[in-house]
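Have the picture open while you read.

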Amino acid sequence: MFSSPLFLCVGSHDSFSYWVDEKSPVGPDQTPAIMRLARISLVKKLMKKWSVTQNLTFREQLEAGIRYFDLRVSSKPGDTDQEIYFIHGLFGIKVWDGLMEIDSFLTQHPREIVFLDFNHFYAMDEAHHKHLVHRIQEAFGNKLCLACNVESLTLQILWEKKCQVLIFYHCPFYKQYPFLWPGKKIPAPWANTTSVRKLILFLETTLSERAPRGAFHVSQAILTPRAKTIARGLVGGLKNTLVHRNLPVILDWVKTQKPGTMGVNIITSDFVDLVDFATTVIELNDLLQEDRALAKC
């Protein structure tokens, strides 16, 4: 399902984190204190429980209906080449491997559109950025959609141009390439709370304040653990401590939403497979079709 600013699509939070390498160094996205603690092997095992936010691979997410991917990337200490990896506390797979997995799906489904949101970069200089962008070009080629006015995009135009991939790049480096969309075109306000009540209030507030034109909008329907949350649920991890018990409440909120100019546009979640998240979000588009049908009466 394509997500123009009026339509709704489904996204995953930290989309790549279905696998992280507990044998690799701790990522540069962590504090020096965590890096010191991680010298103890047990600490990395516990970190993994809190770094993983998805169960499904890229391919499995795509097959489940996910079309927006939240991507955080980094170089790896000690690497002599310019290779870039996904990262969330611990290093994930190589970005190249993830891109190829997505491209394989798109080649088999030429009418599907995806959003790849590169929003965090760690330990990356200009050479790393150039290497990453060249990898993106190599992976997707003519499938890349040139940055343009958001309102001008329609499914029909994308299909005619055979464009399937929108790349958002939250770094000034985007100015050097016409197929990199600026991060400001896809804001994703973050509630940063463990309270599902506060999260829903935040989602409602940010939706009411979203720009009516000129940008997509991501509603991050996620809860973020505090240090004390992790301490209390150290062994249980993110899924068992925060997500399992709160995701049904979040899904109930999703069911009350409507797509449209000031409505929901892209909704992301942790562990998108735990409830019928993707189907619930996609079906909200039926409400928009009903509104259009009524408008013609």
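## Two helix pairs

Before anything else, keep in mind that this is a predicted model. Let's start with how helices sit against each other. Two packed helices are described by the angle between their axes and the distance between the axes.

Find helix α7 (residues 196-209) and helix α9 (residues 237-255): their axes come within 10 Å and cross at roughly 25°. That angle makes α7 roughly parallel to α9, since angles under 35 degrees count as roughly parallel. As for handedness, α7 passes α9 in a right-handed crossing.

Now look at α4 and helix α5 (residues 126-140). Here the axes come within 9 Å, and the crossing angle is roughly 25°. So α4 is roughly parallel to α5, and the crossing of these two helices is right-handed.

Next stop: helix α2, which covers residues 41-51 and includes leucine 42. Is leucine 42 buried or exposed? Its relative accessibility is 52%, so leucine 42 counts as exposed, because the cut-off for exposed is over 50%.

The cut-off to keep in mind here is under 20%. If you want a sense of scale, jump from methionine 47 to serine 104: the two are 57 residues apart along the chain, and their C-alpha atoms are separated by 31 Å.

## Glutamate 22 and its lysines

How many salt bridges does the structure hold? The count is 10. Let's visit a few of them, starting with glutamate 22.

The side chains of glutamate 22 and lysine 45 meet in a salt bridge, with 2.9 Å from N to O. Lysine 45 sits in helix α2, while glutamate 22 is in the loop between β1 (9-12) and α1 (32-37), so this pair ties together parts that are 23 residues apart in sequence.

Lysine 48 is partly exposed, with a relative accessible area of 28%.

Now move along to arginine 67 and glutamate 112, whose side chains meet in a salt bridge (2.9 Å, N to O). Arginine 67 belongs to strand β2 (residues 66-75), and glutamate 112 belongs to the loop between α4 (95-108) and β5 (114-122), so the pair ties together parts that are 45 residues apart in sequence.

Glutamate 112 is partly exposed, with a relative accessible area of 22%.

There's also a network to look for: salt bridges link Asp14, Asp70 and Arg72.

## Two residues with positive phi

Let's finish with some backbone angles. Alanine 123 is a residue other than glycine, and its phi has a positive value, near 50°. You'll find alanine 123 in the loop between β5 and α5. Alanine 123 is partly exposed, with a relative accessible area of 46%.

Phenylalanine 271 isn't a glycine either, although it has a positive phi of about 45°. Where is phenylalanine 271 found? Look in the loop between β9 (266-269) and α10 (277-283). Phenylalanine 271 has a relative accessibility of 2%, so it counts as buried.

Terms used. Residues numbered from 1 in each chain as written. Predicted model: local features only at pLDDT ≥ 70, side-chain atom pairs only at ≥ 80, totals over all residues. Heavy atoms only, no water. Helix = DSSP H or I, 4+ residues; strand = E, 2+ residues; numbered from the N terminus. Buried < 20%, exposed > 50% of the residue type's maximum accessible area, 1.4 Å probe, protein only. Axes fitted to C-alpha atoms, helices over the stretch in contact; angles between N-to-C directions. Parallel < 35°, antiparallel > 145°, perpendicular 65-115°, else oblique. Left-handed = near helix turned anticlockwise from the far one by under 90°. Salt bridge = Lys/Arg side-chain N within 4 Å of Asp/Glu carboxyl O.
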